[in-house]
Amino acid sequence: MIAINILVLNSGSSSLKYQLIDMNDEKILAKGICEKIGASESEVHQTTHLGKKIDKIVIPGISNHTKAFKYIEEMLMDSKKGIIKDISEVNAVGHRVVHGGEYFKSPAIITDEVIKEIKNLIPLAPLHNAAHLSGIKACKELLGNNIPQIAVFDTSFYCNLPKKAYIFPIPYKYYENYHIRKYGFHGTSHKFVIKKYCDITQKNSDDLK
């Protein structure tokens, strides 16, 4: 069986969380975090499915997301406590992005145009989308274009809300000029919970509220 390993990243303003997942059986091979990015002292942690752990204080601290991603590479490939021998064993990278606005209604393969649109949406989620872009650019810088990257948007789960549900009772010009409306968040979590609920109850998601 050919291994299909997906590296999933969740970039925060001062952290970079990750999981490496074998999609053949959805096993989490490794998970970890780089914390306190930009501080004088940073921390890196990783645990593999074999129980091997890395816990390290980094002094001086990790200055940006590119350097944080470099630590992630090193931990995944650590000769004693890692889980892969080469970063080429990662087949794709998935990024959780908080805000897709009205532009992104489904996951998107990351291109220069997608990066531009995520940047345009920073005013709707200043801390989150800016951080997600840092993670995306870090991957692009270190992995190049050989490994595909995909963005999954929290807001896309709610893209079919009717207009009467997402327009706030405030002057309409705020929606027209500044895109202020109800979007809905944590969509990836809600989608997972609904799928599990349907599996357990044998119900169809189309029949649920």
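I6 stands opposite A92 of strand β6. The model is predicted; local features require pLDDT of at least 70, side-chain atom pairs count only at pLDDT 80 or more, and totals for chains, interfaces and linings use all residues. Residues are numbered from 1 along each chain as its sequence is written, and side-chain values use heavy atoms, with hydrogens and water left out.

I6 belongs to strand β1, residues 5-11. Strands (E, at least two residues) and helices (H or I, at least four) are DSSP runs, numbered from the N terminus. β1 pairs with β6 in the parallel sense, over four bridges. Pairing requires that DSSP finds at least two bridges between the strands. β6 also pairs with β8 in the parallel sense, here over five bridges. In that pairing, G94 stands opposite I150 of β8.

Strand β6 spans residues 92-97, and five of its six residues are buried, so the strand is largely enclosed by the rest of the structure. Buried denotes under 20% relative accessible area, exposed over 50%, and partly exposed in between (1.4 Å probe, protein chains only).

Beyond its neighbours within four places in sequence, I6 is in contact with Q19, L20, I21, M23, A92 and G94. Contact means heavy atoms within 4.5 Å. The C-alpha atoms of I6 and L161 are separated by 31 Å.

T155 lies in the loop between β8 (149-153) and α4 (163-166). T155 counts as buried because its relative accessibility is 4%. A polar atom of the T155 side chain lies 2.8 Å from the backbone nitrogen of G100. Leaving aside neighbours within four places in sequence, T155 contacts V98, H99, G100, G101, Y183, G184 and F185.

Notes. Polar contact = N/O pair within 3.5 Å; in protein donor to acceptor, adjacent residues only side chain to side chain.
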